[in-house]
Amino acid sequence: MKSKKKRPATYSRLKIKASTTDRIGSKLLYQYLVEKAKAKGISGATVFRGIMGYGTSSKIHSSKFWELTEKLPVVMEFVDKTAKLEQFYVEIEEELLRMPKGCLVTLEPTKILLQKQGK
């Protein structure tokens with residue numbers, strides 16, 4: 001009888017591109033999604049704020065030091081096993097579709113070279 005080798009897990013990066021002012025309920029979109037990902041046990045999440053960008057609206061948004069409430073691009077990135085991220089997306093898809101503003105969601109394969117916990 002041959003022993004079955006366990007296939008290594010396939011990992012991916014789920015990226016959601018939106019705006020810093022987008023909300024779900026009373027929470028900012030990025031805050032809501034990072035907290036939900038943490039509660040669902042997603043391995044890692046990072047939010048990046050852009051200084052300039054545009055989406056399908058073709059309106060360019062950029063950072064200006066005199067503006068107090070800037071509408072800027074934001075990218076939320078989640079890393080975990082592909083299947084876990086696909087399930088997470090299924091759980092948030094309806095909420096994203098109900099948002100009045102647009103967003104872009106991508107899922108990209110990734111290779112984890114090192115995942116070291118800090119002290």
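Me: Taking contact to mean heavy atoms within 4.5 Å, across which strands does helix H2 (residues 82–98) lie?
Reply: In this predicted model, helix H2 lies across S1, S7 and S8, and its direction runs at about 140 degrees to S7.

Me: Why is Thr82 called buried?
Reply: The term buried applies under 20% relative accessible area, and Thr82 has a relative accessible area of 14%, so Thr82 is called buried. Thr82 has its place in helix H2, and, leaving aside residues up to four places away in sequence, Thr82 touches Thr10, Tyr11, Ser12 and Leu107.

Me: What makes S4 and strand S7 (residues 73–81) a pair?
Reply: Two strands pair if at least two bridges are found between them, and S4 and S7 are joined over 6 bridges, so they count as a pair, here in the antiparallel sense. Within this pairing, Ala45 has Phe78 in S7 as its bridge partner.

Me: What order do the strands of the open sheet follow, and what makes two of them edge strands?
Reply: The sheet is formed by 4 strands in the order S4-S7-S1-S8, with antiparallel pairing. Strand S4 (44–49) and strand S8 (104–110) are its edge strands, each of them pairing on one side only. From one strand to the next, the twist averages 20 degrees.

Me: Which strands does helix H1 (residues 29–39) touch as it packs on the sheet?
Reply: Helix H1 touches strand S1 (11–19), S4 and S7, and the direction of H1 makes about 10 degrees with that of S7.

Definitions and conventions:
Residues numbered from 1 in each chain as written. Predicted model: local features only at pLDDT ≥ 70, side-chain atom pairs only at ≥ 80, totals over all residues. Heavy atoms only, no water. Helix = DSSP H or I, 4+ residues; strand = E, 2+ residues; numbered from the N terminus. Axes fitted to C-alpha atoms, helices over the stretch in contact; angles between N-to-C directions. Contact = heavy atoms within 4.5 Å. Buried < 20%, exposed > 50% of the residue type's maximum accessible area, 1.4 Å probe, protein only.
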